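Trainee: I am new to this kind of picture. Could you walk me through it, one feature after another?

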Amino acid sequence: MLKPNTHKGKLIVVEGIDGSGKSTQIDLLHRWLLSAGYSVYFSEWNSSEVVKSTTSEGKKKHLLSPTTFSLIHVTDFADRWENHILPLLKAGVIILADRYAFTAFARDVARGVDPQWIRDIYSFALQPDIVFYFRIPLDVAVERILSARAKLKYYEAGRDLGLSDDKVISFKLFQKMIMDEYEKMVGEFNFTIIDGELPLHVKQHQVRQIVQDALQGWQGLPTPKVN
Amino acid sequence: MQKVTYYGAGFPYIHIKELPGKLIVLEGTDGVGRSTQIQLLKKWIEEEGFGVSDTGLARSRLTQKGLDEAKAGHTLGPLTMSLFYATDFADRLENLIIPALEAGFYLLSDRYFYSIIARNVVRGVEPDWARKIYGFALKPDIILYLKADVNTILPRVVHGGGFNYWESGMDIRCADNLYDSFVIYQNKLIQQFDLIAEEYGFITIDATRSIQEVFQDLQKNIRPLFNKP
């Protein structure tokens with residue numbers, strides 16, 4: 001349970017395994033909201049400047065354990081939360097987040113940290129107004145990733161878990177574990193499920209419809225007039 | 001430590017059979033003489049025939065550089081700071097403290113997570129949340145709390161490098177100048193330590209006395225550990 005968002009702004013997040021198409025969808029949603037004149041702020045997972053060098057060193061040199069992997073990502077999230085997300089939410093901005101606490105609940109628990117511990121740590125985060133969960137069969141997502149990327153990274157493929165010496169097999173097993181954790185959260189965090197296999201524009205139409213309904217009659221922070 | 005006990009869920013993915021070493025924690029606010037005492041204790045315990053290793057806050061290989069940079073930039077919010085320190089602590093626990101205890105060493109820890117909680121709470125972080133982060137922490141064999149009032153630590157701080165931005169709580173601007181902010185901030189920390197001391201069963205050592213007197217008091221408390229399995 002996360003506390004509800006009682007601030008003036010709206011919080012909309014996308015979640016799903018790698019290759020589920022969530023980033024493309026939130027990008028299109030972002031452009032649409034901007035063109036409709038809303039004040040929008042986009043926040044991406046793992047993008048805080050403060051912890052950047054630590055995270056990249058840790059990943060490059062394989063220094064991260066499941067616990068420190070988890071803690072460095074929540075540090076990153078906290079920095080974005082304190083400096084951007086929360087103040088802008090209070091100001092009445094629509095926050096779009098590509099991945100949110102649920103990514104940690106899925107991925108870090110798959111890595112072996114205690115599910116209650118990680119939920120307690122993220123308890124400063126608020127329940128988003130909408131959580132879009134892009135559900136997709138494992139094979140489809142894995143195929144998209146393998147064809148689009150030159151190389152699977154160590155932590156991305158879950159190689160630290162020692163699931164398999166083969167990195168593709170390791171990646172698949174790890175993604176399956178993450179997916180299982182996501183599925184457990186559908187009811188717990190009120191996910192809005194989008195079928196990831198639908199054509200791109202059909203998904204976007206559904207996403208916009210749901211967002212439009214949620215914004216009915218709502219007024220956020222005005223955008224300054226240019227002329 | 002015979003039995004491996006954690007404050008919460010520990011590290012569910014690590015299976016430790018036993019930790020034959022001893023985890024000794026020295027806690028206390030800035031300027032109470034922790035590092036001097038650690039040096040004396042290290043020498044003494046080694047002379048008693050045991051292997052000794054030591055660690056202290058923000059010294060992990062993973063986070064040291066990043067944490068220093070973040071502190072230099074002065075943009076760390078209280079939640080971010082809490083969690084960055086927790087990352088450092090977890091890294092040292094898994095990669096330094098636990099291996100040393102597995103090898104039968106006496107591990108002298110210059111502060112543990114209690115100091116981090118005290119600092120977090122003074123900065124407005126929810127006390128219960130700050131504690132829950134450390135569900136992965138091992139329970140030490142003994143926690144010795146070097147307690148001194150602000151008047152005692154002032155000369156040591158002034159002669160030992162002067163007032164530091166963070167040790168004076170300037171990030172939360174307790175006052176408009178370093179001296180007043182230091183006094184207010186350190187008093188707030190001591191208040192937190194007193195609460196934490198009771199909650200976590202610290203042994204309080206009067207650190208307003210001479211180095212030698214404090215050292216003898218510490219020895220008296222640590223010596224019984226030598227005969228324990």
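Trainee: Which residues make the contact?

Mentor: From helix 4 of chain B come Tyr114(B), Ile117(B), Ala118(B), Arg119(B), Val121(B) and Val122(B). Helix 7 of chain B brings Tyr185(B), Lys188(B), Leu189(B), Gln192(B), Phe193(B) and Ile196(B). Sorted by class, this contact has 9 nonpolar, 1 polar and 2 charged residues.

Trainee: How do I read the place where chain A touches chain B?

Mentor: Begin with the count: 27 residues of chain A are in contact with 29 residues of chain B. On the chain A side, the elements that give two or more residues are helix 2 (49-60), helix 3 (66-91) and helix 5 (115-121). Helix 3 of chain A supplies the largest share, 12 residues. By class, the chain A side has 13 nonpolar, 10 polar and 4 charged residues.

Trainee: How do helix 2 of chain A and helix 2 of chain B run, roughly parallel or roughly antiparallel to each other?

Mentor: Look at the angle again. The axes of helix 2 of chain A and helix 2 (residues 64-73) of chain B come within 8 Å and cross at roughly 165°. The two helices are therefore roughly antiparallel to each other, and their crossing is right-handed. Val50(A), Val51(A), Ser53(A) and Thr54(A) meet Lys65(B), Gly66(B), Glu69(B) and Ala70(B) here.

Trainee: Let me try one residue. Is Pro224(A) buried or exposed?

Mentor: Count its neighbours. Pro224(A) has 6 C-beta neighbours inside 10 Å, so it counts as exposed; the cut-off for that is 12 or fewer. Pro224(A) is found in the segment after helix 8 (200-215) of chain A. Pro224(A) and Gly37(A) lie 187 residues apart in sequence, yet 9.6 Å apart in space, C-alpha to C-alpha.

Trainee: And what confidence does the predictor give?

Mentor: Chain B averages a pLDDT of 94, with 98% of its residues scoring at least 70. For the complex, the predictor gives an ipTM of 0.93 and a pTM of 0.95. Where pLDDT is low, the predicted coordinates should not be read in detail.

Notes: Residues numbered from 1 in each chain as written. Chains lettered and ligands numbered in written order. Predicted model: local features only at pLDDT ≥ 70, side-chain atom pairs only at ≥ 80, totals over all residues. Contact = placed C-beta atoms within 7 Å. Helix = DSSP H or I, 4+ residues; strand = E, 2+ residues; numbered from the N terminus. Nonpolar A, V, L, I, M, F, W, Y, C, P; charged D, E, K, R; others polar. pLDDT = per-residue confidence, 0-100. Buried ≥ 20, exposed ≤ 12 C-beta atoms within 10 Å, placed from the backbone. Axes fitted to C-alpha atoms, helices over the stretch in contact; angles between N-to-C directions. Parallel < 35°, antiparallel > 145°, perpendicular 65-115°, else oblique. Left-handed = near helix turned anticlockwise from the far one by under 90°.
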